[in-house]
Amino acid sequence: LLIILVISLISFQLRAQTADMGFTGNLELKKMFADEHGRMYLIALDPYYYLRLSENLYKHGHIGETLKEVDGKLVPYDTCQYAPPGHALSKEPPIICIVEVLLYEIWHSIDPTVSIMNAAFWVPAILGMLLGIPAYFIVRRATLSDVGGIVGALALISAPGLLYKTSAGFADTPIFEVLPILFIVWFIIEAIHSQNNIK
């Protein structure tokens with residue numbers, strides 16, 4: 001448990017570095033990249049798309065700006081993308097929107113100055129804490145060593161391509177693509193191992 005906790009905290013610390021705005025010591029520049037409470041803005045374009053959907057989900061209960069009749073059914077309708085005509089959206093919101101709204105509601109109940117954007121900023125870093133868990137157990141099973149599991153987990157959580165795409169502020173879908181696959185692989189390996197033990 002202690003090993004998993006330490007790996008998770010290292011993963012969070014690696015991903016949380018963007019919030020410190022260490023790229024500059026200039027206070028005026030830091031103000032340009034942060035809101036009135038000193039919380040940094042999102043760091044890419046796609047996260048703003050999901051932020052807009054999350055705000056719609058929170059305000060309207062669906063991810064569109066409005067509901068529009070399409071083929072005889074009322075569906076959420078996005079009036080901004082492909083403007084001016086817009087397009088219909090799925091009734092089921094993306095998982096990233098659900099997680100952002102959930103984190104916002106929890107955090108907002110503690111601190112009323114928090115916005116949905118602030119919650120969205122931290123979603124990848126918080127979920128990134130889970131990346132090391134399946135990696136540790138997969139490599140530990142393969143190497144039959146705790147040290148092997150630790151090294152494997154640290155290698156995964158600090159991989160530059162993954163670290164960039166799952167850092168705080170990059171509230172996009174990569175974390176939701178990598179994390180489930182890791183858990184599925186881990187569960188399959190454990191199932192095969194358990195089957196072998198039963199035989």
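User: Before counting elements, what are the helices and strands here?
Analyst: Helices and strands are DSSP runs, numbered from the N terminus; a helix has at least four residues, a strand at least two. The model is predicted.

User: How many helices and strands does the chain have?
Analyst: Nine helices and three strands.

User: What order do they come in?
Analyst: From the N terminus on, α-α-α-β-β-β-α-α-α-α-α-α.

User: Which way do the strands pair, parallel or antiparallel?
Analyst: The pairing is antiparallel. The three strands form an open sheet, ordered β1-β2-β3.

User: Which strands stand at the edges?
Analyst: β1 (66-70) and β3 (87-88). Each has a single partner strand, so one side of each lacks a neighbour in the sheet.

User: How many bridges join β2 to β3?
Analyst: Two bridges join β2, residues 73-78, to β3. Asp78 stands opposite His87 in β3.

User: Switching to α1. What does it reach, end to end?
Analyst: Helix α1 covers residues 2-16 and reaches 21 Å from its first C-alpha to its last. That is close to the 21 Å expected at 1.5 Å a residue.

User: Which of its residues are buried?
Analyst: The buried residues of α1 are Ile4, Ile7, Ser8, Ser11, Arg15 and Ala16. They cover an arc of only 165 degrees around the axis, which puts them on the same side of α1.

User: What do they pack against?
Analyst: The buried residues of α1 pack against α5 (116-128), α6 (132-143), α7 (146-157) and α8 (160-165).

User: And the chain as a whole, how much is buried?
Analyst: Buried residues make up 40% of the 199 residues. The C-alpha trace spans about 60 × 55 × 30 Å along its principal axes.

Definitions and conventions:
Residues are numbered from 1 along each chain as its sequence is written. This is a predicted model: local features need pLDDT of at least 70, side-chain atom pairs count only at pLDDT 80 or more; totals for chains, interfaces and linings use all residues. Side-chain values use heavy atoms; hydrogens and water are left out. The expected span of a helix is 1.5 Å times one less than its number of residues. Buried means under 20% relative accessible area, exposed over 50%, partly exposed in between (1.4 Å probe, protein chains only). The arc is that of the directions from the helix axis to the C-beta atoms. Contact means heavy atoms within 4.5 Å. Two strands pair if DSSP finds at least two bridges between them.
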